[in-house]
Amino acid sequence: MDRIVLVSVLLFSELMSVAEMVNTPNASSRFKSCVEKVVEKHPEVLRGFNVKWLDLNAFIILDNLSKIDEEGERREKCKEALFDLLQSSILCGEELGMEFNDLDKPAFIYNVNHPLLEQYDLAKGVVHDKLVWFKKEKIRREENKNKTIVSLKCRDRLESAKIPKQILSGVIEPPNPIHKKFSINSISSVLNEPLGTDSLAREVSGSQNVAIIVDYDSLPTTSDILKLVLSDLKKAQIPQINMVVACGLNKPDPKSINKIFGSKILENYSITFHDALDEDNLTEVGRTLSGARLKINTKVMDADYRIAIGSIHPHPYSGFTGGYQTILPGVAGAEAIVCNQLRGTLLNSRIGFTEKNPVYKDLQSVAPLCSIDFIINTIVDCEGNIVDLVAGNPEEAYPKGIDLSRRLYATKVDGRVEMVILAPGKPYDQDFYSSLQSIGTIKHLLTPHGLTVLVADLNRKDSRKLGEAMALKHHEFLNMVYKDPKSLLIRNILEFMGRNLILVSRKILKNIGRLPIINVNNLSEAIDQANRIIKPSSILVVREAWNIIPEFKNGERPFSADF
């Protein structure tokens, strides 16, 4: 019995020492008053107990117990008194706002774990809960010392979680923005000395119908370029000029785009926003490499000279944007777009690479059917700033632009990992489909059966449409291509990549049927789920997946991970 008394008094002494450090007014006296009430309740056991004597109180209690003759009675009264002493001390301490951070001394933890607490039935109720909490706090603090906090941003929210340092392989950041203004004189200089062709003014001379195809995503950076192009066309006295905004499957907001073009252009030129579902304004020209019927915006096909304005940026499926992406998906029909994007999900496509890339090959198969005569492609950094420009014949200008973009975004990684945590990055996190596409940027970084944790969001409309898509039977897919192709593509990604996916979204997906994905609403929960599934031994964090081209330091060829 002497040992359980000693253990209990040691625990009490630790609580008392913390009470003396509390900033609450009269904390020490209030704690003392609380203890005195317990002493009054158990005079036979606690007579003479003094909070200031701390550990010496054990001898006072033992002396009191020696005066109780019957052993069973002595044991029961000892248990009741010690239990009340510990429980009252803990509850009083909480009321006073005690900081228990100083309770992680080895002696305290040893006493919390002491088997006599169980034997004497003191580890019960409030005492048990709090003593176990103290023990867990000690363990948690020790673990936190070996963890680092990682954060990822998606739209307007920041997701954070703690990851053990020994399994964190790295945190990949996008390259720093260039922050330099690519002047209008620099743009003019490039246009006057294009690659593989004469100047635009000379090249376009004699044409009767010119189509200027402007990529939807690159609109904010193309206003100055457009002014120079229109100036050259005016000098060449082109009778008919049509501007077509290459929207692909996107639904543009004409009001915001009108601000970019300006009133002068809007008043003097015809501007069409491409609609991939508008069969009346599409012309069938053949089939792509994937076998899909290729239909192109009629105004583009009717032109005898085509100028494509866009930007070159890493793309999860095709390797890079720009080039013939202005045609497919830009001004193509839904069937060809869907088939092209499906290749990105099902086949071994890779961000930042065009060699042996099935999506890129499919895009290039468009060239004989709807050629581009002159491309103007900006190279932009992760914040959309123009850092360079290529112009001229697509066969010469585009490869140079790809090389410039690859050098800008290339990021070295050590090797494959068992789990990647990623966020799409701006502006791609604004669209759920683009967010899901970002999975393609890192799939070659995973070991077989590795996990992907994606931080993404979808709005109520996207959620409803996805629910409708999930309800479809397979024989209904073809109709969906012409009704709501983007929802179909979202379903496709979730079906084929979902078995390795934990989705962190503010809105939990509903009506997703048999999809194998795990859907949680915070990053910490996602990591907990991952630990239950595979307990990853290596984790890589990618903050803006669209804005990096991951390359292995040892140059090993990537493979498609478990797809």
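This is a predicted model: local features need pLDDT of at least 70, side-chain atom pairs count only at pLDDT 80 or more; totals for chains, interfaces and linings use all residues.

Biologist: Got it. Is isoleucine 312 buried or exposed?
Modeller: Isoleucine 312 has a relative accessible area of 0%, so it counts as buried.

Biologist: And what is isoleucine 312 in contact with, leaving aside its neighbours within four places in sequence?
Modeller: Quite a list! Among its contacts beyond those neighbours are Phe320, Thr321, Gly322, Ile379, Val380, Tyr398 and Ile402. Take leucine 389 as well: isoleucine 312 and leucine 389 are 77 residues apart in sequence, and the distance between their C-alpha atoms is 9.2 Å.

Biologist: Let's zoom out. How many helices and strands are there in the protein chain?
Modeller: The chain has 22 helices and 20 strands. Of its 563 residues, 53% are buried. If you take the contacts with a separation of 6 or more, 74% of them join residues 24 or more positions apart.

Biologist: Which strands form the open sheet?
Modeller: Six of them, in the order E3-E19-E15-E16-E17-E18, with parallel pairing. E3 and E18 (518-520) are the edge strands, each pairing on one side only. On average, neighbouring strands in this sheet are turned by 15° against each other, ignoring direction.

Biologist: Can you walk me through E19? Which way do its side chains point?
Modeller: E19 spans residues 539-542, with Ile539 and Val541 pointing one way and Leu540 and Val542 the other. Those four residues are all buried.

Biologist: What does E19 pair with on each side?
Modeller: Strand E3 (residues 168-172) runs parallel to E19 and is joined to it by four bridges. There, leucine 168 sits opposite isoleucine 539. E19 also pairs with E15 (residues 417-422), again in the parallel sense and over four bridges. In that pairing, valine 420 is opposite leucine 540.

Biologist: Which helix lies across E15, E16, E17 and E18?
Modeller: That's H22, residues 523-533, and it runs at about 165° to E17.

Biologist: Okay, new topic: helices. Why is H21 described as largely enclosed?
Modeller: Because 11 of its 13 residues are buried, H21 is largely enclosed by the rest of the structure. Among the buried ones are Pro485, Lys486, Leu489, Arg491, Ile493 and Met497. H21 runs over residues 485-497 and reaches 18 Å from first C-alpha to last, close to the 18 Å expected at 1.5 Å a residue.

Biologist: At what angle do H19 and H21 pack?
Modeller: H19 (residues 460-470) packs against H21 at about 70°, with the two axes 9 Å apart. Angles of 65 to 115 degrees count as roughly perpendicular, so that is how H19 and H21 are described.

Biologist: Which residues make that contact?
Modeller: From H19 come Lys465, Leu466, Ala469 and Met470, and from H21 come Ser487, Ile490, Arg491 and Leu494. Sorted by class, the contact has five nonpolar residues, one polar and two charged.

Biologist: How many bridges join E1 to E2?
Modeller: Eight, and E1 (residues 147-154) runs antiparallel to E2. Threonine 148 is opposite isoleucine 163 in E2. The two strands form a hairpin with two residues between them, and arginine 155 in the turn has a positive phi of about 55°.

Biologist: Last one: where is serine 199 found?
Modeller: Serine 199 lies in the loop between H9 (184-192) and H10 (200-203). With 9% relative accessibility, serine 199 counts as buried. Beyond its neighbours within four places in sequence, serine 199 is in contact with Leu191, Asn192 and Pro194.

Terms used:
Residues are numbered from 1 along each chain as its sequence is written. Side-chain values use heavy atoms; hydrogens and water are left out. The expected span of a helix is 1.5 Å times one less than its number of residues. Buried means under 20% relative accessible area, exposed over 50%, partly exposed in between (1.4 Å probe, protein chains only). Axes are lines fitted to C-alpha atoms, for helices over the stretch in contact, and angles run from 0 to 180 degrees between N-to-C directions. Angles under 35 degrees count as roughly parallel, over 145 as roughly antiparallel, 65 to 115 as roughly perpendicular and the rest as oblique. Contact means heavy atoms within 4.5 Å. Ala, Val, Leu, Ile, Met, Phe, Trp, Tyr, Cys and Pro count as nonpolar, Asp, Glu, Lys and Arg as charged, and the others, Gly among them, as polar. Two strands pair if DSSP finds at least two bridges between them.
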